[in-house]
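Look at the model below. This report takes a sheet, then a helix and a chain contact.

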Amino acid sequence: MTAMQQGLQSCEGCGLLSRPAPGAEERRCPRCGEELHFRKPDALQRTLAFLIAAAICYLPANLLPVMTTITASGEDSDTIMQGVVLLWSPTGWPLSLIVLFASIMIPSAKILALLYLVITVRRGAIENNRQRIRLYRIVDIIGRWSMVDVFVDTFTVALIQLQPLMSVKPAPGLFFFAAVVVLTMLAVESFDPRLIWDPASDSSRQPQMDTDGHRGEI
Amino acid sequence: MTDALPDAPEAKTVTKKRTRLSFVWIFPLVAAIAGAWVAVNKIRSEGPRITITFLTAEGLEAGKTKIRYNGVDIGTITAFRLTEDHQRVIATAKMAPRTEEFLAKDTKFWVVRPQISGATVTGLSTLISGAYLGMEIGQSPERAREFVALEMAPVVMGGAPGRFFRLKTPELGSVDKDTPIFFRHLKAGTVVSYELDKDGQFLNVRIFVRAPYDQYVTPNTRFWHASGIDMTLSASGLRVQTESLLSILIGGLAFETPASGPLLPPAEADTQFTLYSDRADAFRPPPQNPQTYLIVFNQSVRGLAVGAPVEMRGIPIGEVTDVRAQFDQKTKEFSVPVTIQVDPARFGVKVIDMPGGTNAVADHRTLLDALVSRGLRLQLKTGSMISGSLYVSAEFFPDAPPVTLDWSQNPVRLPTQPGQIEAIEASVANVVKKLEQIQFKEIGDDLQKTVNELNQTLVTTRGTLTNTDKLLGSADKVMGSADRILAPNSVLDAQLGSMLQEMGGAARAMRVLADYLERHPEALIRGKTGEAK
C-alpha cells in the first residue's frame with residue numbers, strides 16, 4: 001500500500017501528505033508551495049539520459065589531459081591516470097589511491113550503479129529491494145566527493161602561476177571530468193527511489209518477502 | 001434516444017502514458033557532440049609516427065624529448081625500445097600533424113646537446129631544457145618513417161648557400177671538424193669532415209665555403225694551414241705569421257687566389273685542391289726549369305737544413321734538397337755532399353736571353369762553365385746569428401783557383417769556397433792568440449803592490465781618526481757639565497738669587513748711610529746722636 005495508491009501525494013520539500021485537487025494540471029503543496037508529483041516526472045528517462053551523457057563524457061575525461069604544466073623544460077600534459085601513476089611511490093601511494101578511487105573508480109561505479117537501478121526498475125524487478133535502495137543512498141552520498149579533483153585542479157591552476165619558471169593550465173579533460181561529476185549528480189537527483197518499491201506494491205496480491213513495517217503491503 | 005441504450009459498461013479511464021521525449025536528452029546529445037568534436041580534433045592533430053634509431057638514448061626522455069626544426073617543436077619522442085641485438089635504441093616519435101612532407105628519406109635527425117668547441121658554443125639552452133632532437137629536412141621525394149640518427153649535428157645545414165670542396169693533404173695538423181676556413185681573415189667556411197685516402201697516403205678533407213665567399217674559390221686558389229702561430233726560425237730570421245686570434249687558439253685553414261694568375265671563373269663544387277703547409281708554400285710557384293747540383297763541404301754543416309735557400313747576391317735562386325755525410329775509404333776523410341736544386345725562374349729571377357730549343361742542355365753547360373771560370377763558387381754562410389742556421393751562397397771569387405766542371409757526373413759537382421765560418425774561426429783564433437801574449441802576471445803583481453800600500457795608508461788614517469773621536473768625547477762631557485750648572489733650579493742658580501738679594505739690601509743700607517751723612521756730616525765725627533729735631 002503506497003500513498004500513490006491511496007491518491008495521496010507527498011511533498012518533496014516538506015513531506016506533507018495531501019490529496020491532489022481533481023483535474024488540476026499543476027499541483028502545489030498547500031504548506032510550502034512545492035510542486036507535487038506522485039513520482040518524479042520522467043524519472044527513469046531523465047536518469048538514463050544523464051547517465052548516457054556522463055558515460056560519453058567519461059571517456060574524454062580519462063583520455064585527455066586534465067592539467068598542463070609549463071616549466072622551463074617545456075610543456076607537460078598529464079591525464080588523471082598519469083597522475084595516479086606519477087603519485088605512486090613508496091611514500092605517496094595513499095594519495096595515489098585516493099585519486100584513483102575519487103576520480104576513476106567512483107564516477108564509473110556511480111554510472112554503473114545507477115544504470116543497474118534504472119534497468120531493474122524498468123523491468124519491474126522486486127528482488128533485492130533493500131540492497132538496491134542502499135546502493136542508491138551510497139551513490140547519493142559519495143557522488144559529490146568526485147568534485148574534489150576538479151577543485152584541486154582549479155586551485156592548482158590559480159595558485160601556481162610563477163610565470164617565467166612554471167605555470168599550470170587546465171586542459172580539456174578537466175571540463176569533461178567536471179561534466180561527468182555534475183551529470184552523475186543530476187542523474188542521482190532525477191532518479192526517484194520510490195520507484196524501486198512500486199513494483200513490489202503493484203504485485204500486492206503476491207506474498208511479500210519484505211515485511212518492513214511502513215512499506216510494502218499492509 | 002439515450003435512455004434506450006442498454007446498460008453500457010463504463011469506459012475505463014486510463015492515465016495516458018507519457019511517451020514524449022524528455023528535454024534531458026539534450027545532455028547526452030551535447031555530450032556526444034562535444035566528445036565527437038574532441039575525438040575528431042584529436043585524430044586530426046595526430047601526426048605521423050616515426051622511428052629513429054640511436055646508438056644511445058642518453059639524455060633523451062620518453063614523452064619529454066622534443067623534435068625541433070628551426071626552433072619549432074614538431075614532434076615528441078613517445079617511447080624507447082632496444083633493437084633485437086641490444087646494440088641500438090629505437091625511439092618512437094609522434095610528429096605534429098601535417099609534417100609528412102618533412103619526412104623525406106634523407107631527412108636527418110641528431111641529438112642536440114650543449115657543445116663548447118673552440119669556435120662555437122651551441123645548444124646552451126639544452127643545459128636547462130634537456131636534450132632535444134635537431135632535424136634537417138631532406139630533399140628526396142621519397143617519404144620514410146624510419147630514420148637513423150646522426151652521431152653529431154651536421155656542420156653545414158643542408159640548403160645553406162655555398163659550395164663543398166675537397167682538400168688533399170699529407171697531414172691533418174690541427175684540422176678538425178668545424179675548423180674555420182678564413183678568406184682574407186674573414187671566416188668563410190668550415191671543415192665538414194675528413195677521411196683517410198684509400199691507400200693511406202693522403203687525407204681527404206671535405207670543406208664547405210659559404211656564399212658569398214665561395215665565388216672567390218677558383219681553380220688556381222691555394223689553401224693552406226693557418227693553424228695557430230707559424231713561427232719560422234730560418235736563415236731568413238724569425239718570422240711570425242698568424243691568421244686570426246681564433247685560428248691561434250683552434251687552428252684553421254685559409255685560402256687565397258694569387259693575384260698574379262689569370263682570372264678564372266669560380267671552381268666547380270667538389271673540386272679537389274692541395275692543402276699546403278703554410279702560405280709561403282702555397283704561393284711558391286711551381287718548378288720551371290730546376291737543375292740539381294752537388295756541392296761537397298769539408299766543414300761542419302750544422303745549421304744547414306733541407307729547404308735552406310741558395311742565394312745569389314742575396315736573392316734566392318734555389319734550395320737545399322738533401323744533406324748527407326760520406327766517408328771516403330781511400331782518403332779516410334769525411335765530407336758532406338749537399339744536393340741543391342737551382343731554379344731561378346721559380347723564384348722570380350728574370351733570365352734574359354734564356355737558352356731554349358734543342359740545344360738547351362748544351363747552352364746551359366756553356367753558361368755554367370763560363371760562370372765557374374769567372375769565379376763562381378758556393379760557400380756556406382750564416383743566415384741568422386741567433387739560430388745559427390746556414391744557407392748556401394753563390395758568389396764570385398775571381399781570385400779563386402780555376403776549376404773545370406766534370407759534366408760526366410750527374411748531378412754536377414760545383415766548386416766550393418771555404419765559407420764565412422772558416423774565416424770567422426781563423427780571426428777568432430788570431431784574437432785568442434793575441435790575448436795570450438798579454439803579460440797578465442806582471443800586471444797582477446803591480447796591482448797587488450799598489451793595493452798593499454793603500455792598505456797601510458788606510459790603517460794610519462784609522463789611528464788618527466780614533467784620537468779625534470776621543471777628543472770629541474771630552475768636549476761633549478765639558479759641555480754637559482756646563483749645561484747642568486746653568487740649568488734653572490740648580491744650586492748655582494739659587495745661590496746667585498740669594499746673593500743678589502743680599503747685595504740689594506747692602507746697597508739700600510749704603511744709600512741710607514749716604515743720605516744721613518749728607519744731612520749730618522758731623523756724624524762722621526760725633527757719631528749718630530739720637531733723633532734730629
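Seven bridges join strand β12 (residues 186-196) of chain B to β13(B), and the two run antiparallel. Strands are DSSP runs of E with at least two residues, helices are runs of H or I with at least four, and both are numbered from the N terminus. Two strands pair if DSSP finds at least two bridges between them. The hairpin of β12(B) and β13(B) has six residues between the strands, and B:Gly200 there takes a positive phi near 75°. Strand β13(B) also runs antiparallel to strand β10 (residues 162-169) of chain B.

| Strand joined to β13(B) | Bridges | A residue and its partner in β13(B) |
|---|---|---|
| β10(B) | Eight bridges | B:Lys168 with B:Asn204 |
| β12(B) | Seven bridges | B:Glu195 with B:Asn204 |

This is a predicted model: local features need pLDDT of at least 70, side-chain atom pairs count only at pLDDT 80 or more, and totals for chains, interfaces and linings use all residues. Residues are numbered from 1 along each chain as its sequence is written, while chains are lettered from A and ligands numbered from 1 in the order in which they are written.

Now the helix. Which residues of α1(B) are buried? They are B:Phe27, B:Pro28, B:Ala31 and B:Gly35 (buried: 20 or more other C-beta atoms within 10 Å of the residue's own, C-beta atoms being placed from the backbone). Seen down the axis of α1(B), these buried residues fall within an arc of 90° (taken from the directions from the helix axis to the C-beta atoms), so they line one face of the helix.

The contact takes 14 residues from chain B and 18 residues from chain A (in contact: C-beta atoms, placed from the backbone, within 7 Å). On the chain B side, α1(B) gives the most, with six residues.

Note on methods: Contact = placed C-beta atoms within 7 Å. Buried ≥ 20, exposed ≤ 12 C-beta atoms within 10 Å, placed from the backbone.
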